[in-house]
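Dear colleague,

I am passing on the structure below, together with notes on how its parts sit against each other. Please read the notes with the model open beside them.

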There are 2 protein chains.
Amino acid sequence: MIAEVHASRPGGRTARVRADVLAAVESELAEHGYDGLTIDAVAARSGVHRTTLYRRWKTVPGLLVDLLEAGADDAWEPADTGSLEGDLIAVNREIHAALTARPSITQAVIAASFRTAAAADALTRFWEDRYERTALVVSRAVARGEIPGGTDPHQLLLTATAPLYHQLVLLRQPMSRDQADQHARIAAASVR
Amino acid sequence: MIAEVHASRPGGRTARVRADVLAAVESELAEHGYDGLTIDAVAARSGVHRTTLYRRWKTVPGLLVDLLEAGADDAWEPADTGSLEGDLIAVNREIHAALTARPSITQAVIAASFRTAAAADALTRFWEDRYERTALVVSRAVARGEIPGGTDPHQLLLTATAPLYHQLVLLRQPMSRDQADQHARIAAASVR
DNA sequence: ATCTTAACGCAACGTTCGTCGCATTTAGGG
DNA sequence: CCCTAAATGCGACGAACGTTGCGTTAAGAT
């Protein structure tokens, strides 16, 4: 998620317009949720003309994609708690917080990903990047001799994190933080 | 998912219209995917008037909801293979097949559930029903003495099935049937 | 067979959506 | 400071969407 360095004219007004628009997207999202998020509403709130939004962002999902990329934390890496189980619990708590926040930007972007291919691609890239970085907790555990070297990082992370997404996003039912912790423990125990 | 028994006039023409429409929805879905699924296209293909579709089904997600309910198998129950692991593998293979089919009705309904509350509710009810029935594999395992009595069925099923949904639906990446089996084994082992 | 009325067909309407051509502003370079 | 072109503002347009009023058909009751 590198910021667009080769933009032909990223200066003053353009940057200000982008900031205004993304701020409006966030506010609109907070007030009316994803369904109330429309190009016209964002245009009205931001003071930027409809046509400009259609030209630069094309669609509502496009706006959310940009919001996602603008907020991408390039320095993110999983916490090091000293044990595999502790690391997985920390990861799951982050996911749990992101999915239960109201409004949840993550939930909104997921919804958007079912509308346009561009949003789906952006989200896939984002998650690929995150899971790749999170694989660090597995290699650290291997280095500590906690788990065997042949362990598949992705399978392990899937076991730990998938239940949160499934329960909170698809099944649309509550999940306590304790339950989230518990799934991290199950995953950690599965590779011992 | 009981068929609407108290419909005031479900007879001949009305039933025929519904059958024509749902058939058209399925065909249209197969050819153009969810994005190409529009009220007008379904009306044209089915020979039923636009207005009728708007009156009875309101929205495109509404059409998919009805398709889901029409295809609901009220007799469904999980296969009995004689072991918890075998049962979970069987369940996961069904889910795997449903999510990798092309076109996948399940994937389409999931996409629809992010558009209208009615679709989200219908899907939630459907899954609640399925997971409740699938809990049978857990009670059978308890009866066989395979696992302790205090086992939480939902947590176990979540561990087994969530990775499939997450990988195939949200992460939008492939998963082999062997990997699906593997997650069933991990779940089975987690309660031993 | 007749009647009632729910369900459907039909045409027209207003709204929202996304696009286009053109004028205006302004960032960034000479 | 001036010049060029990218970015934005503006108004209008056509198409798609969803709704409404009214006439017609036919299911189900008497």
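A:Glu69 and A:Arg125 form a salt bridge, with their closest N and O atoms 3.8 Å apart (a salt bridge being a side-chain nitrogen of Lys or Arg within 4 Å of a carboxyl oxygen of Asp or Glu). This is a predicted model, in which local features need pLDDT of at least 70 and side-chain atom pairs count only at pLDDT 80 or more, while totals for chains, interfaces and linings use all residues. Residues are numbered from 1 along each chain as its sequence is written, chains are lettered from A and ligands numbered from 1 in the order in which they are written, and side-chain values use heavy atoms, with hydrogens and water left out.

Chain A is divided into domain 1 (12–70) and domain 2 (84–190), with bounds that come from an automatic or database domain assignment. The centres of domain 1 and domain 2 of chain A, taken over C-alpha atoms, are separated by 28 Å. In chain A, 11 residues of domain 1 are in contact with 13 residues of domain 2, where contact means heavy atoms within 4.5 Å. Between them, domain 1 and domain 2 of chain A bury about 980 Å², 84% of it on carbon and sulfur atoms (buried area being the accessible area, with a 1.4 Å probe, that two parts lose on being put together, summed over both). Of the area that domain 1 of chain A buries against domain 2 of chain A, A:Tyr34, A:Pro61 and A:Leu68 supply 48%, more than any other three residues. The count between these two domains of chain A is 1 salt bridge.
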